[in-house]
Structure formats: C-alpha cells, structure tokens
Amino acid sequence: MGVIVKKVELTWLDRTYVWPVLQGMAITFGHFIRNLFTTTPNRYTVQYPEMKREIPDGYRGLHELKRFEGGEIKCVACFMCQEACPARCISIEAEEFSDLNITQGFQEKRPAKFSIDMLRCICCGMCEEACPKDAIWLRKDYELAAYDRLSMQYGKWDLMNTYSDADGKAHINQDPTPSVPRRTIAL
Amino acid sequence: MDKLASLLHTSPATAWMVVKVIIVFSAVMLLASVWTWVERRGSAMIQDRIGPNRAALFGKIRIIGLAQLLADGIKFFFKEDLVPAEANKGLFWLAPFLAFVPALMGFAIIPFGRSFVSGGVTYHLSVLDPGNGMGMLYPLAIGGMAVYGVLVAAWSSNNKWSILGGMRASATMVSYEIGISLAVIAIFMSANGYDPSDVIKAQGHTPWTWFVVRQPLGFLVFFTCMFAETNRLPFDFAEGESEIVAGFNTEYGSMKFSLLALAEYSHLMTASALIATLYFGGWQVPFVKDPTVMLSVASFVLKLLFFAWVFVWVRWTLPRFRYDQLMHLGWKVMLPLSMANLVFHAWRMSQGH
C-alpha cells in the first residue's frame with residue numbers, strides 16, 4: 001500500500017532560510033537559559049553517585065534469603081529454585097537437621113550451603129516465583145560490583161544478611177537451634 | 001613602559017610591542033582553550049544535559065568543571081603520539097602548526113581598544129599599528145592560509161577519508177571567500193579606507209550607524225561565510241563523522257590533535273573579532289562618545305565573547321549541510337547577494353549618500 005507523502009509547501013519566509021534558523025536558535029536559547037537557571041539536582045540528569053533514582057516496587061535486585069523471627073532460615077532446601085534457575089547460578093546442599101527428631105520423631109530439611117553465583121545471575125526472579133516457602137526474595141539493591149570474582153559468590157550467610165542493615169535486623173552467621181517446634185504434628 | 005624598556009635594554013616602542021604580542025596571543029589562546037569547555041557545557045545545556053562538571057582540582061575543588069581544561073591538556077600531553085607508517089612525516093608534523101599559526105596571526109590587526117596618548121607618545125591597542133598599509137586585507141589573506149593547515153593535515157595523513165575532508169574544506173573556502181571579499185569591499189567603500197581604525201571610526205558610537213544596520217545584507221553574507229571560513233557547523237566539511245570518519249584529523253592524536261582543535265577555536269576567536277570590528281563598531285561603546293581605554297577594551301571583549309558564543313550556539317542548533325547544498329548556497333546565493341550588496345552601496349555612494 002502506497003502512502004502519498006504530503007510535500008510541505010514552504011512560505012517565502014521559510015524559503016529565505018533565515019527566519020527558520022532564527023526560530024531554531026530561539027528554541028535552543030530557551031533550553032540554554034532554562035538549564036542555566038536550573039540547579040543541577042533539578043535537571044533531567046540524575047547525577048548518579050550523589051543522586052539515586054527511587055527504585056520502583058517489583059524491582060528485581062539482589063536476593064535475600066528470608067528468615068523467621070527467631071532467625072531460622074525459611075528455606076527448606078527443596079531445590080525448586082535451583083531447578084527453575086535459567087542461568088544455573090544457584091547451588092544448594094541440603095542437610096537434615098533437628099534435635100526434634102529425638103523428641104518428636106521428625107526431621108526437617110534446610111540448606112547446609114546455599115550459594116548464588118552473582119556473575120551468572122541474571123536477576124530474572126524465577127527463583128522467587130518457584131519458591132514454595134517465600135524464602136528467597138529479589139529486592140532493591142543493584143550495586144553488586146566487586147574487585148574479584150570470588151567476592152561475587154554469595155553464600156548462605158551472605159544471602160541471609162543482604163538486607164539486614166536496611167531492615168534493621170541482626171546479622172546472623174549460624175543457624176539457631178530451635179528449642180520449640182514450629183509446628184506440632186499430632187502423633 | 002619606559003621603566004620596563006630600560007629594564008630590558010630595549011626601546012619603549014619595542015617593549016610595548018612585545019607586551020602587546022604577549023597579552024593578545026596569550027589571551028586568545030586562553031580564550032580558545034576555555035572555549036572548548038564553553039562549547040561542551042553550552043551544548044550540554046542546549047540539549048538538556050549537564051556536561052563536564054566532574055573534573056576537580058586535587059579531587060576537591062570543582063569549579064563548575066573548568067578543571068576539565070587542565071585534565072584534557074594533561075591527557076593530551078601524555079598520550080602516545082602516533083604517526084601513521086605511510087604518512088608524509090614532515091608535513092604530518094608541520095600541519096598542526098600550519099593550522100594554528102594563521103588562526104592566531106589574523107588577530108594581529110584587530111584593534112581591541114581605543115588608542116591613547118601617554119607622555120607624548122600614542123599607544124595603539126592592536127599588535128599591528130594602524131597605517132601599516134595592510135589593513136583588513138591582512139586577516140582575509142591570513143584566513144585564506146588557514147585552510148592550508150587543514151589540507152596539509154589531510155594530505156600528509158595518507159588516508160582517503162582525511163583527503164576527502166581536506167578537499168571539501170578547501171573547496172568550501174574557495175567558494176565562500178568570494179562572498180566574504182565582496183561583502184567586505186562594500187564596507188571599505190562606506191568606511192572610505194580599509195584600515196580597521198578607519199572602519200571603526202566610520203561606524204561611530206551609535207548602534208544605528210554601525211555597519212550591521214547600514215549593510216544588513218552584507219552582514220548576513222559575511223556572518224554566514226565566516227562559518228564556512230572557520231570550518232564550523234553548519235559548514236564544517238573538513239570533518240563529518242557520518243560521512244568521512246573524522247575527516248582531516250582522523251589520523252591525529254595526542255598533542256597534535258589538541259593543537260588542531262585549538263586552531264579551530266583560535267580561528268573562531270579571530271572570526272568573532274572580525275565580525276565585531278567590521279559590523280559592530282569594534283571597540284566603540286554604544287552611546288558613549290569618548291570612552292575610557294578600559295571601557296573600550298571591555299566593550300570589544302564583550303562583543304568578541306558574544307559572537308564566539310553565537311558560533312557555539314549556531315553549531316548546536318543547525319545540522320550540517322549536504323555538500324551540494326553548501327555549493328549551491330555559496331555560489332548561487334551568497335555570491336549574488338554580496339554582489340547585489342556591493343552594487344547597491346556603490347549606487348548609493350554615487351547618489352551622494
């Protein structure tokens with residue numbers, strides 16, 4: 001289908017070229033003056049290290065492994081996230097734990113190791129979607145640079161403490177020993 | 001001045017000359033390097049950006065990015081100075097100087113303030129005193145030399161894109177110099193002389209007797225042609241990143257490139273000074289009959305800076321012309337217009353105006 005292109009008829013004033021040039025220069029001068037009297041924070045550019053954009057809800061940044069209030073990890077090492085991960089950056093080693101199995105006769109599962117290779121992670125959020133326990137969240141941190149490759153391997157305790165400061169939680173570096181059962185199974 | 005002269009074992013005239021040369025050329029070079037910053041910040045503001053504002057002295061003192069000049073200079077000094085293997089090495093080294101020196105030399109004739117008498121001696125505030133016989137012909141001739149630097153840079157690089165840029169620049173220069181010359185001849189006729197002091201005297205201190213009002217057509221032609229002469233957008237055919245890589249300075253790097261860039265800005269300063277002198281009354285202060293020396297210098301510098309700013313402003317407003325449009329404009333529009341301007345003013349003079 002052809003489109004008939006309308007040819008713009010220039011007036012004699014436009015054909016002199018001088019008047020349109022002056023119009024254009026008025027526009028650029030307007031921009032110049034406006035920017036000259038606008039302070040830097042009020043301009044369009046975000047001056048990055050000093051100013052940061054507000055991160056919208058639903059942003060997928062650095063992961064956090066959630067914990068219960070007592071500090072127990074929510075993750076049950078079901079490997080759903082590891083399976084879902086398209087970049088294959090999650091690796092989990094599960095362990096059985098409990099002192100409850102003696103008293104109550106069942107065992108729980110938790111990750112002994114839970115590491116995310118941040119060099120491979122594409123922050124797609126599939127792990128968050130796959131998790132049946134809501135144990136892994138992708139949150140708002142995006143400045144994940146490091147000076148060496150090893151620093152980009154986030155382990156279990158790194159991931160559990162990623163947002164500790166932001167949320168005002170305590171840094172933890174070992175699994176608390178549960179003293180009371182979280183759920184009671186009627187035997 | 002006498003004290004300084006006896007200190008240096010020279011005559012006062014020589015000392016005065018040396019002082020003038022140092023002041024004028026260092027001022028122009030300083031302005032030219034500052035203008036690289038003005039161009040970058042100005043363009044940023046025109047385009048709603050921020051521009052270079054990070055460079056800081058000792059990592060602390062950010063003077064709205066002015067330290068960028070120093071940073072650039074240091075960077076250029078310490079970069080590797082590459083000469084292409086197949087280049088004509090002698091000319092390759094010579095070209096930046098051939099571009100830079102004429103750009104500065106043109107400024108020598110421009111009076112940047114009114115002459116004054118001190119101790120029975122008249123001091124003229126221009127490097128070449130009035131009545132030297134060259135007058136305004138000198139900057140025009142030197143301006144024609146400026147394209148030589150571009151062409152030699154292009155030729156010696158032994159690069160087809162460079163040579164295309166150089167050829168285009170020289171063709172532009174040839175086409176537009178005719179327009180400039182005819183526009184300036186109309187001024188010479190009205191001013192009854194071609195010495196810059198004559199031209200300034202003929203314009204007087206009232207803005208409506210300046211040549212921009214008396215010869216608006218001539219001003220339009222001269223102003224447009226100056227953009228072609230200085231190789232600035234919209235007529236910067238020596239360069240053209242979308243067509244011929246970077247044009248004439250494709251093969252240049254480090255200090256030689258810096259010198260070519262500085263040459264462009266010095267040329268811009270000279271062109272602004274010419275526009276101010278020929279059409280805007282030079283050092284004349286509007287509505288002040290006999291300004292003091294400092295006032296006249298300030299007036300001239302203000303005009304100079306304004307037109308230098310206009311060069312920047314126009315560059316970031318208008319896109320580059322196509323080459324055939326440039327030739328069309330030069331030969332079919334600018335030349336007839338300046339011719340008509342010349343004939344009109346000749347006719348007016350014959351009618352006794």
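1. Leaving aside residues up to four places away in sequence, B:M269 touches B:V28, B:L31, B:A32, B:F107, B:L304 and B:A308. Touching, or being in contact, means that the C-beta atoms of two residues, placed from the backbone, lie within 7 Å.

2. Before going on, a word on what you have here. This is a predicted model, in which local features need pLDDT of at least 70 and side-chain atom pairs count only at pLDDT 80 or more, while totals for chains, interfaces and linings use all residues. Residues are numbered from 1 along each chain as its sequence is written, and chains are lettered from A and ligands numbered from 1 in the order in which they are written.

3. B:M269 also turns up in the largest nonpolar core, which has 80 residues; along with B:A99, B:V150, B:A153, B:F222, B:I275 and B:L278, B:M269 touches the most other members. A nonpolar core here is a set of buried Ala, Val, Leu, Ile, Met, Phe, Trp, Tyr and Cys residues joined through C-beta atoms within 7 Å. Buried means 20 or more other C-beta atoms within 10 Å of a residue's own, exposed means 12 or fewer, and partly exposed is in between, with C-beta atoms placed from the backbone. Helix α10 (residues 254–279) of chain B gives this core its largest share, 14 residues. Helices (H or I, at least four residues) and strands (E, at least two) are DSSP runs numbered from the N terminus.

4. Where does this core lie? Domain 1 (1–72) and domain 2 (79–350) of chain B both supply residues, so the core lies between them. The domain bounds come from an automatic or database domain assignment. A second, separate core has 19 residues, among them A:C121, A:C131, A:I136 and A:M160.

5. Now the two domains of chain B. Their centres, taken over C-alpha atoms, are 20 Å apart. Their contact uses 18 residues of domain 1 and 13 residues of domain 2. On the domain 1 side, 11 residues are nonpolar, 5 polar and 2 charged. For these classes, Ala, Val, Leu, Ile, Met, Phe, Trp, Tyr, Cys and Pro count as nonpolar, Asp, Glu, Lys and Arg as charged, and the others, Gly among them, as polar.

6. Have a look at helix α6 (residues 160–191) and helix α9 (residues 216–229) of chain B, which pack at an angle of about 150 degrees with their axes 9 Å apart. The axes are lines fitted to C-alpha atoms, for helices over the stretch in contact, and angles run from 0 to 180 degrees between N-to-C directions. Residues of α6(B) including B:Y176 and B:I180 meet residues of α9(B) including B:V221 and B:F222. By class, this contact has 11 nonpolar, 3 polar and 1 charged residues.

7. How many C-beta neighbours does B:V301 have inside 10 Å? There are 17, which is why B:V301 counts as partly exposed. B:V301 sits in helix α11 (residues 293–315) of chain B.

8. Over to chain A, which has 7 helices and 5 strands. Of its 187 residues, 17% are buried. Chain A has domain 1 (9–52) and domain 2 (63–167), with 50 Å between their centres, taken over C-alpha atoms.

9. Finally, the two chains meet: 13 residues of chain A are in contact with 11 residues of chain B. The chain A side divides into 6 nonpolar, 6 polar and 1 charged.
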